[in-house]
Amino acid sequence: MARTECTCGNLISTMEVPNDIELWVYTDKEWQEILKIDIIEGYLIPDYKYSVWRCPACERVYVFESGNYRAIKVYALEESHYMDDTEGCRCGAVHPKTLPPGDTRLWAYKDREWDAMVEELMVEPRKFPPPKYDVRRCPDCERIYALDRLDGKAVKVYALEEDDV
Ligand SMILES: [Zn+2]
Ligand SMILES: [Zn+2]
């Protein structure tokens, strides 16, 4: 699948390479395995398990299983502001950033960033730079928090809109 219509009416496509739609997302567990590989060339990096797209117009996030044309999860942007350190998750659970990273952290790169990174790795082998945002998922309600890496405060909160699992 290379294009679909977002709920907001925007047509999103990953036909352009690299593009601003696709995200490379790994769980913390998968990422730790990747870091163990002595990565010299981009093609040694295992492919992501789920295809994740983000609509640049409304910021909805779609999660697809490989080969499946229907999204298994759709997230919608709920809030976009800084949160106080004492605030928990919107569902009432503790804030995911206070939980162990292994249970909550997602490693997410935009396709354009990923493309540039892999190209650099081919020229000069080195470890991956961390993604721009510290992305955490609440294990209770599955809300996703994109936290500013420097101050650890949420800049964007995404809530599950559709769940077909
Ligand atoms: Zn949209
Ligand atoms: Zn929650």
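Which residue of strand 5 stands opposite Val52? The residue opposite Val52 is Val63, in strand 5. The legends below describe a predicted model, in which local features need pLDDT of at least 70, side-chain atom pairs count only at pLDDT 80 or more, and totals for chains, interfaces and linings use all residues. Residues are numbered from 1 along each chain as its sequence is written, while chains are lettered from A and ligands numbered from 1 in the order in which they are written.

**View 1. Strand 4 and strand 5 form an antiparallel pair.** Five bridges join strand 4 and strand 5; two strands pair if DSSP finds at least two bridges between them. Helices (H or I, at least four residues) and strands (E, at least two) are DSSP runs, numbered from the N terminus. Besides Val52 and Val63, Trp53 stands opposite Tyr62 of strand 5. Six residues lie between the two strands of this hairpin, where Glu59 takes a positive phi near 70°.

View 2. Among the elements of the protein, helix 3 has the lowest mean pLDDT (85), and strand 6 (residues 73–79) has the highest (96). The predictor's confidence in each residue, from 0 to 100, is called pLDDT; the protein averages 88, and 93% of the residues score at least 70.

**View 3. Val25 and Ala108 touch the most other members of the largest nonpolar core, which has 27 residues.** Such a core is a set of buried Ala, Val, Leu, Ile, Met, Phe, Trp, Tyr and Cys residues joined through C-beta atoms within 7 Å. Buried residues have 20 or more other C-beta atoms within 10 Å of their own, C-beta atoms being placed from the backbone. Leaving aside neighbours within four places in sequence, Ala108 is in contact (C-beta atoms within 7 Å) with residues including Val25 and Pro131.

Notes:
Buried ≥ 20, exposed ≤ 12 C-beta atoms within 10 Å, placed from the backbone. Contact = placed C-beta atoms within 7 Å.
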